[in-house]
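Thanks for coming. I have one model to go through today, so please look at the sequence and the structure first.

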Amino acid sequence: MEDRNIVKQGAIAGAVFILLMIATFFVPIISLVTVFLLPIPLIVFGSRFGLKPVAILFLIISLISILILSIYSLPIVFVMGLGGLAIGAAIYSKKDAYETWAQGTFSFAIGMAVVYAITQFVFDVNWVHELNTLIEESLESTVAFAEQVGTPISQEEYEALQQSLSELTYLIPTGMVLIGLALAFISQWLSYKFINRTDGESLKFPPFKDFKLPTSIIWIFLLGIILTWVYTDPAETMYLAAANLYALPGLLLVIQGLSFVFFFTHYKSWSKAIPIFTVILFVLFPFLLIYPLRILGIIDLGFRLRERLNGSK
């Protein structure tokens with residue numbers, strides 16, 4: 001009876017996934033929405049039956065997608081399926097929300113890295129060249145717009161902007177992790193809502209004020225800083241590692257700093273508008289707050305600031 005139920009729900013989850021894939025491929029207007037919904041059928045199925053059944057379903061879905069939508073659908077199926085599989089299995093194992101989020105982020109990022117490697121080395125798609133082309137086109141559009149509104153960009157400003165944007169090509173691994181972070185959060189949050197309604201669960205993310213990274217992230221960040229001092233030539237392989245070891249932990253520490261703002265506001269019983277305004281200000285003017293928030297995150301983790309404040313009550 002249990003096996004029959006697994007097959008039935010697997011068929012439903014697979015059908016929903018394929019329909020979402022078809023909508024993503026053939027209905028461009030809603031593809032930006034459906035692509036975020038793709039992991040949910042696997043997450044829900046995996047949360048009910050565990051890793052092995054959802055892994056089998058993942059393989060079946062991959063084969064069906066190739067037959068119906070061609071092999072070009074495989075990258076999306078692989079990335080979204082792998083992430084959904086990981087999050088569903090984590091929920092089934094009763095892992096907490098942030099641990100599940102981390103597992104999903106890692107799986108999405110690994111999926112993107114595999115697709116990147118295969119397309120780069122097997123199909124000879126030069127992603128760095130494609131990104132540089134996109135950057136050049138964006139710069140040209142920016143220059144044209146600036147001239148139209150009467151604020152032309154000087155040659156020095158153009159070269160400085162070009163140099164800054166060209167650094168993005170070295171941060172592709174960091175970009176994959178950040179995209180994985182966003183995909184995992186959105187799909188996990190939506191899945192929690194669905195599972196709570198259909199299965200009577202009470203899954204949810206803890207308050208953001210309780211978000212806390214492992215202290216080891218500080219040491220990884222410091223290692224990244226040291227490596228950026230040692231390897232300064234972009235032609236060196238270690239330069240790529242140094243740039244990403246600096247950028248990714250640094251951004252995570254910014255999130256830690258934002259979390260502490262939420263915590264401290266709650267601790268002091270201040271208005272909830274303060275942390276919300278901080279987030280809005282950071283989104284609008286990231287370079288204004290990125291360093292103060294990063295320092296705050298380091299202090300929070302390194303000196304166990306929250307434990308000290310809670311202990312002083």
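Is Arg304 buried or exposed? At 57% relative accessibility, Arg304 counts as exposed; buried means under 20% relative accessible area, exposed over 50%, and partly exposed in between, with a 1.4 Å probe and protein chains only.

Before going further, the conditions. This is a predicted model, in which local features need pLDDT of at least 70 and side-chain atom pairs count only at pLDDT 80 or more, while totals for chains, interfaces and linings use all residues. Residues are numbered from 1 along each chain as its sequence is written, and side-chain values use heavy atoms, with hydrogens and water left out.

Now the chain as a whole. Its secondary structure comes to 14 helices and 0 strands; these are DSSP runs numbered from the N terminus, with H or I over at least four residues for helices and E over at least two for strands. Of the 313 residues, 38% count as buried. Among contacts with a separation of 6 or more, 72% come from residues 24 or more positions apart, where contact means heavy atoms within 4.5 Å. The accessible surface is about 18200 Å², and 70% of that belongs to carbon and sulfur atoms; areas come from the Shrake-Rupley method with a 1.4 Å probe, and for residues only the protein chains shown count as cover.

Back to Arg304. It sits in the loop between α13 (286-302) and α14 (305-311), with a positive phi of about 45 degrees although it is not a glycine. Most residues other than glycine have a negative phi. Ser269 is another non-glycine with a positive phi, about 60 degrees. Its loop runs between α11 (237-268) and α12 (273-284), and Ser269 is exposed, with a relative accessible area of 64%.

Next, helix α9, residues 172-199. At 1.5 Å a residue, its 28 residues should span 40 Å, and the end C-alpha atoms are 39 Å apart, which agrees; the expected span is 1.5 Å times one less than the number of residues. Its buried residues include Met176, Leu183 and Tyr192. Just after α9, Gly200 takes a positive phi of about 70 degrees.

Val35, Phe36 and Leu37 in α2 meet Pro39, Ile40 and Pro41 in α3. By class, this contact has 6 nonpolar, no polar and no charged residues. Helix α2 (residues 28-37) and helix α3 (residues 39-49) pack at about 20 degrees, with axes 5 Å apart. The two are therefore roughly parallel, the term for angles under 35 degrees.

Definitions and conventions:
Axes fitted to C-alpha atoms, helices over the stretch in contact; angles between N-to-C directions. Parallel < 35°, antiparallel > 145°, perpendicular 65-115°, else oblique. Nonpolar A, V, L, I, M, F, W, Y, C, P; charged D, E, K, R; others polar.
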